[in-house]
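Visitor: Let's go through this entry together, and please keep the answers careful.

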Amino acid sequence: MTKPPTLQLLDTHAGGDVSRIVVGGVAALPGATVRDQMHYLRDDADGLRRLLLEEPYGIPEMSVDLIVTPSDPRAVAGYIIMEVMGYPIYSGSNTICTATAVLESGLVAKQEGRQQFALESPAGLVQIEALVENGVVESITCAGLPSYIDTHRASLHVPGLGEVTYSVAYSGGFYALVDAAELGFSLTREEERALADCAHRIVEAIQAERGFSHYTLGDVGPLPFLHFMGPVEQVADGYYRSRSTTYVHPGVICRSTTGTGTSARLALMHHEGRLKPGDRLETISLRETGFIGEFTGTRQEGPLTVVENAITGKSYVLAHSDIVVNCTDPLVECAGLHHILTGGRNEAD
């Protein structure tokens with residue numbers, strides 16, 4: 001009797017968005033850097049992403065983060081982010097969950113109080129500050145990617161909606177930023193389905209009209225994200241709060257406001273002269289969870305002023321589990337997967 005291979009997972013969530021951290025069961029991937037390893041996974045082993053985000057194992061609203069060997073000696077671990085739209089090079093909520101997982105799994109020993117370490121994402125080295133109290137990881141602060149405004153208050157005709165005003169920011173992916181009230185939304189949980197339908201129309205219209213190019217990465221594909229912005233309330237000196245929600249094309253409303261969505265908001269508020277270094281923005285989701293973004297400064301990248309920022313949030317551990325990869329199950333697609341698994345064999349092998 002053959003024994004199927006297994007994947008060892010640590011399921012976590014930050015702000016309600018579930019990230020499945022793969023901590024075992026996958027062989028070392030080829031590639032000199034974490035970015036190279038991501039390209040290999042995307043081009044030659046996409047079955048891992050599909051296995052854990054599709055039926056019967058997962059749902060598209062989840063994310064997957066694979067722990068890999070870092071190339072930068074300053075990093076304690078590397079990680080590759082997988083979502084329904086593909087392989088983003090960075091994500092705040094996934095970074096918060098991965099940093100929590102390396103502490104909770106013992107890959108990095110917990111220390112009471114504040115401790116710093118680094119991870120390597122496909123976008124590069126990420127500095128982490130963890131706050132541990134009574135043995136519990138209470139918060140993770142991670143540096144956001146340098147963010148900037150590509151387009152400010154453009155408009156386009158969206159079928160079924162009419163003229164829509166939007167801005168576009170880059171914060172790890174290109175985000176369309178739209179005013180929720182202008183589109184008739186208060187950003188409540190009851191509006192979730194309508195928000196997804198509205199965002200789908202807008203993203204489809206933007207993708208049909210134009211593409212976007214990053215100043216160093218070049219063409220990074222069609223615009224995948226949209227962020228609905230609620231009114232900004234000042235709750236203290238240098239501290240702002242706003243209801244928000246992020247859409248991932250096609251069809252997913254995130255449970256959290258997302259770290260990169262919060263970074264995009266910081267870039268827009270700076271562009272409009274509404275933030276100074278040290279100011280913070282707390283984004284509040286449809287489920288009343290939040291992330292705190294801090295505007296830490298700016299620097300010039302050619303003609304662009306990019307916003308440096310940090311994102312703080314808390315991740316919770318949901319489960320430690322072994323996923324049995326049964327390739328004889330007709331609902332399981334093992335093509336593009338079994339060559340990177342370690343241990344066990346399937347009868348189909």
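Visitor: Which residues in α5 are buried?
Guide: In α5, the buried residues are Gly259, Thr260, Gly261, Thr262, Ser263, Ala264, Arg265, Leu266, Ala267, Leu268 and Met269, where buried means under 20% relative accessible area, exposed means over 50% and partly exposed lies in between, with a 1.4 Å probe and protein chains only. Helices (H or I, at least four residues) and strands (E, at least two) are DSSP runs, numbered from the N terminus.

Visitor: Before I go on, what sort of model is this?
Guide: It is a predicted model, in which local features need pLDDT of at least 70 and side-chain atom pairs count only at pLDDT 80 or more, while totals for chains, interfaces and linings use all residues. Residues are numbered from 1 along each chain as its sequence is written, and side-chain values use heavy atoms, with hydrogens and water left out.

Visitor: Back to α5, then: how far does it reach from first C-alpha to last?
Guide: Helix α5 covers residues 259-271, and its 13 residues reach 18 Å, close to the 18 Å expected at 1.5 Å a residue; the expected span is 1.5 Å times one less than the number of residues. Eleven of those 13 residues are buried, so the helix is largely enclosed by the rest of the structure.

Visitor: And what happens at the start of α5, and what follows it?
Guide: At the start, a side-chain oxygen of Thr258 comes to within 3.0 Å of the backbone nitrogen of Gly261. After α5 comes Gly273, with a positive phi near 75°.

Visitor: Switching to strands: is β15 enclosed or open, and why?
Guide: Strand β15, residues 280-284, has four of its five residues buried, so the rest of the structure largely encloses it.

Visitor: Which strands does β15 pair with?
Guide: Two strands count as paired if DSSP finds at least two bridges between them. β15 pairs in the parallel sense with β13 (residues 239-248) over five bridges, and there Tyr240 stands opposite Leu281. With β16 (residues 290-301), β15 pairs in the antiparallel sense, also over five bridges, and Ile284 faces Gly290. The hairpin of β15 and β16 has five residues between the strands, and Glu288 takes a positive phi near 65° in it.

Visitor: Where are the cis peptide bonds?
Guide: One runs from Glu55 to Pro56, with omega near 5°, and Pro56 is in the loop between α2 (47-53) and β3 (63-68). Another runs from His249 to Pro250, with omega near 5°, and Pro250 lies in the loop between β13 and β14 (252-253).

Visitor: Last topic, the rings: how many aromatic pairs are there?
Guide: A search of the whole structure finds six, where rings of Phe, Tyr and Trp (its six-membered ring) pair if their centres lie within 6.5 Å, and planes under 30 degrees apart count as stacked, over 60 as edge-to-face and the rest as tilted. The rings of Tyr175 and Phe225 have centres 4.8 Å apart and planes at 20°, so this pair is stacked. Tyr175 lies in β9 (residues 174-179) and Phe225 in β12 (residues 225-236), so the pair ties together parts 50 residues apart in sequence. Both Tyr175 and Phe225 are buried.

Visitor: Which rings are linked into a cluster?
Guide: Ring pairs link Tyr148, Tyr170, Phe174, Phe212 and Tyr215.

Key: Polar contact = N/O pair within 3.5 Å; in protein donor to acceptor, adjacent residues only side chain to side chain.
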